[in-house]
Amino acid sequence: SHTVDTRGDLVVYDIERNELSTAPAVFGPEYVETHPAFAADGRSIYYARARSWPLRTRADLDQLRADLVRVDYDVETGRWGTPAIVLPCASRGRSAAFPQPSACGRWLLHVQADRGTYPITEPSSDLQLLDLTTGQSRALDELNSGRAESSPRWSSNGRWIGFLSNRGDGRSAVPYYAYFPP
């Protein structure tokens, strides 16, 4: 079985003003935007974005792939910038999900899989690390297994990574932790 996001858009909810903010560039039928995460400085949002189309067959699902995207967002004015692809995974036959920027702003943990927007059950789902200063991305082979890894998170000091893996029985997602050296 596979879990798929077939619709997703970005909005920011201002709890003090009780207002939603969005823009046509991140809210519309052309793309599925999912897994948003604010950068540590609060000035941009990282997310996964896939082209939207009807999923009627297994072949349609096999072609669903997302890029890693960033959009600037001004918290004070509610103004959105223009989305920019940070890592073009779809054109490389991969699909990105679960971006998580580090507190220092240099690193972006994420997941890549062969397909889909929610690869928690995809055996091809692996943890990746993107250096936002150089643009270099690499698989975290020291943490990945032959089964699905997903939902990476940074500790508050940026020295630990938490993630889910179903490496044990192939079904149950269990938390794992790893030290991230400075």
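1. Rings of Phe, Tyr and Trp, the last taken by its six-membered ring, are counted as a pair if their centres lie within 6.5 Å. On that basis Phe38, Tyr73 and Trp80 form one aromatic cluster. The model under discussion is predicted, and the points below should be read accordingly.

2. The structure holds six aromatic pairs. One of these joins Tyr73 and Trp80, with 4.6 Å from centre to centre and 55° between the planes, a tilted arrangement. Tyr73 and Trp80 are both buried. Another pair is that of Trp154 and Phe180, which is edge-to-face at 4.9 Å centre to centre, with 90° between the planes. Trp154 belongs to strand 12 (residues 149-154) and Phe180 to the segment after strand 14, so this pair ties together parts that are 26 residues apart in sequence. Trp154 is buried because its relative accessible area is 14%, and Phe180, at 11%, is buried too.

3. Two arginines are placed over tyrosine rings. The charged end of Arg49 sits over the ring of Tyr31, 4.0 Å from its centre. Arg167 lies over the face of Tyr176, and here the distance to the ring centre is 4.6 Å.

4. Five of its six residues are buried, so strand 12 is largely enclosed by the rest of the structure. Ser151 is located in this strand and has a relative accessible area of 15%, which means that it counts as buried. The backbone of Ser151 has a positive phi of about 50°, although the residue is not a glycine. Most residues other than glycine have a negative phi.

5. Strand 12 pairs with strand 13 in the antiparallel sense over four bridges. Within this pairing, Arg153 has Gly162 of strand 13 as its bridge partner. The two strands form a hairpin with five residues between them, and Gly158 in the turn has a positive phi of about 70°.

6. A second hairpin is made by strand 8 and strand 9, again with five residues between the strands; in this one, Gly105 takes a positive phi near 85°. Strand 8 (residues 95-101) is mostly covered, seven of its seven residues being buried. Its pairing with strand 9 (residues 107-113) is antiparallel and runs over five bridges. Pro101 stands opposite Leu108 in strand 9.

7. The loop between strand 1 and strand 2 contains Asn18, a residue other than glycine with a positive phi near 55°. Asn18 is exposed because its relative accessible area is 56%. Ile15 is placed in the loop between strand 1 (12-14) and strand 2 (19-21), and at 68% relative accessibility Ile15 counts as exposed. Ile15 also contributes to a nonpolar surface patch of about 550 Å², together with Val11, Tyr13, Leu20 and Phe27.

8. How many salt bridges does a search of the whole structure find? The search finds eight. One of them connects Arg51 and Glu30, whose closest N and O atoms are 2.8 Å apart. Arg51 lies in strand 4 (residues 44-51) and Glu30 in the loop between strand 2 and strand 3 (31-38), so the pair ties together parts that are 21 residues apart in sequence. Arg51 is partly exposed at 45% relative accessibility, as is Glu30, with a relative accessible area of 46%.

9. Arg94 and Asp114 also meet in a salt bridge through their side chains, at 2.6 Å from N to O. This pair links distant parts of the chain, 20 residues apart: Arg94 is in the loop between strand 7 (84-87) and strand 8, and Asp114 is in the loop between strand 9 and strand 10 (126-131). Arg94 counts as buried at 18% relative accessibility, whereas Asp114 counts as partly exposed at 38%. The cut-off matters for Arg94, because buried means under 20% relative accessible area.

10. A further salt bridge is formed by Glu142 and Arg138, with the closest N and O atoms 3.0 Å apart. Glu142 is exposed, with a relative accessible area of 55%, while Arg138 is partly exposed at 41% relative accessibility.

11. Finally, Gly170 is found in the loop between strand 13 (160-165) and strand 14 (174-179). Its relative accessible area is 31%, so Gly170 is partly exposed. From C-alpha to C-alpha, Gly170 and Gln128 are 20 Å apart in space, and they are 42 residues apart in sequence.

Methods:
Residues numbered from 1 in each chain as written. Predicted model: local features only at pLDDT ≥ 70, side-chain atom pairs only at ≥ 80, totals over all residues. Heavy atoms only, no water. Patch = residues over 30% accessible without salt bridge, like charges linked within 9 Å, V, L, I, M, F, W, Y side chains within 5 Å. Areas by Shrake-Rupley, 256 points an atom, 1.4 Å probe, with all protein chains shown as cover. Salt bridge = Lys/Arg side-chain N within 4 Å of Asp/Glu carboxyl O. Buried < 20%, exposed > 50% of the residue type's maximum accessible area, 1.4 Å probe, protein only. Phe/Tyr/Trp six-rings, centres within 6.5 Å; stacked < 30°, edge-to-face > 60°. Lys NZ or Arg CZ within 6 Å of the ring centre and 35° of its normal. Pairing = 2+ DSSP bridges.
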